[in-house]
Amino acid sequence: MVRFTVLASGSKGNSTVVYGGRTRILLDAGLSCRELFRRMKLAGEDPAALDAIVVTHEHQDHVNGLAVTARKLGIPVYFTEATHRAWMRWLTPRRQMTYAQWLEQCRRQAAERQAETDPRECEPEEADAEIEERAAGAPQPADSNGKPGERKDDPAWLPAVEYFEAGRPFRIGDIDLSPFTIPHDAADPVGFVLASEGIRMAFVTDLGYISPNVKAQLKGVDLLLLESNHDLEMLRDGPYPWAVKQRVLSRVGHLSNEAAAEFLANGYDGQAAYVILAHLSESNNLPELARVAAERALEGRASLLANQLRLAGQHEPLPPICL
Ligand SMILES: [Zn+2]
Ligand SMILES: [Zn+2]
């Protein structure tokens, strides 16, 4: 049996558990570790049984609890290399300097250089103290799983990192994953088709439009999780600043109810047992608007065996879907 449990979906955090064969993976870790564990228990999933975390892209709503969860469970994290790098950069915020601060830094560095070239001899005690100080600040030797020089107090430290590439299928235990590129404003964002025990599940959110490549990936799946982010009218009249509206609407933003419905009506093969609408905006969408748009697009194709519609929410897990 394959089990698919959306723990959370939306701009405040995304996370889904996929269980196939004897393997359980967490797709994105966008909630705090504590909240992830709480929701897993609510949905009847055991956090300690997770085998890996797989990340679609580095936006905060997909990685918020990543480091803490991976460390607590001691499990590997699968990224593309570009996403891993972007995530590490995100963890290391840099401050902007004023011109006065920059001048002060130059002055201090010049003074330090001057002191280094000062021919004054150190007292032996002073030299020892300095060496000790340096040793205390130096990277510690590797612990059991880490690479040399890495430290657990490094915010980007993970028990293990595995890289995958869009377009190259890979496997984690009993689950096959086919990552594909999606149009979104992140370093290297991907959607997935996951397969286990002959069941195929498509997972695609955070995309500005459905590109021909994405459309090709979504054929012949038993479960389709698709973004239905905003209602176009609500976004246009809504509270967001103009620049943010432009970003959401752009070719690398998010998929509207209208665009999702257009795909369901004209691009989708109608084969899935379940269609899950996901990543609904709380500011620019209403669940009923997303549902009605999708129902109209699916027309008479919904039945007990096909195209059952579900809406993934932000605040509580969706009941597990078993296939
Ligand atoms: Zn997102
Ligand atoms: Zn995103």
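**Notes on the predicted model**

1. Helix α5 is hardly covered, since the count of buried residues among its 18 residues is 0. This helix takes in residues 99-116, and at 1.5 Å a residue it should span 26 Å; its end C-alpha atoms are 26 Å apart, so expectation and model agree. As with everything below, this description concerns a predicted model.

2. For orientation, the protein contains 11 helices and 14 strands. Of its 323 residues, 39% are buried.

3. A reader new to the fold may wish to begin with the open sheet, in which 7 strands follow the order β7-β8-β9-β10-β11-β12-β13 with mixed pairing. Its edge strands are β7 (170-172) and β13 (308-311), each of which pairs on one side only. From one strand to the next, the twist averages 20 degrees. Helix α11 (residues 287-298) packs on this sheet, where it touches β12 (274-278) and β13, and the direction of α11 makes about 160 degrees with that of β13.

4. One of the residues concerned is F170, whose bridge partner in β8 is L177. On to the next pair, β8 and β9 are likewise antiparallel, with 6 bridges between them, and here T181 stands opposite V190 of β9.

5. Strand β9 (residues 190-196) deserves a point of its own, because 7 of its 7 residues are buried and the strand is therefore largely enclosed by the rest of the structure. Which residues point each way from β9? V190, F192, L194 and S196 point one way, G191, V193 and A195 point the other way, and all of them are buried.

6. The partner of β9 beyond this is β10 (residues 199-204), which runs antiparallel to β9 and is joined to it by 5 bridges; S196 stands opposite I199 in β10. Together β9 and β10 form a hairpin with 2 residues between them. E197, in the loop between these two strands, has a positive phi of about 50 degrees although it is not a glycine. With 11 other C-beta atoms within 10 Å, E197 is exposed, because a residue counts as exposed at 12 or fewer.

7. A second residue with a positive phi that is not a glycine is D206, for which the value is about 60 degrees. D206 is found in the loop between β10 and α7 (212-217). Is D206 buried or exposed? It has 28 other C-beta atoms within 10 Å and is therefore buried, the cut-off being 20 or more.

8. The loop between β11 (223-227) and α8 (232-237) holds S228, which is buried, with 32 other C-beta atoms within 10 Å. Leaving aside neighbours within four places in sequence, S228 is in contact with L255, N257, A260, L277, L280, A290 and A294. S228 and L289 are 61 residues apart along the chain, yet their C-alpha atoms are separated by 9.8 Å.

9. W157, by contrast in its setting, lies in the loop between α6 (124-137) and β6 (161-163). It counts as partly exposed because 17 C-beta neighbours lie inside 10 Å. The C-alpha atoms of W157 and V68 are 9.6 Å apart in space, while the two residues are 89 residues apart in sequence.

10. The last point concerns the interior. In soluble globular proteins, nonpolar side chains tend to be buried together. The largest nonpolar core in this model has 74 residues, and those with the most contacts inside it are I53, A202 and L224. Leaving aside neighbours within four places in sequence, I53 is in contact with L26, A29, L66, T69, A70, I75 and V77.

Methods
Residues numbered from 1 in each chain as written. Chains lettered and ligands numbered in written order. Predicted model: local features only at pLDDT ≥ 70, side-chain atom pairs only at ≥ 80, totals over all residues. Helix = DSSP H or I, 4+ residues; strand = E, 2+ residues; numbered from the N terminus. Expected span 1.5 Å × (residues − 1). Pairing = 2+ DSSP bridges. Axes fitted to C-alpha atoms, helices over the stretch in contact; angles between N-to-C directions. Contact = placed C-beta atoms within 7 Å. Core = buried A, V, L, I, M, F, W, Y, C linked by C-beta atoms within 7 Å.
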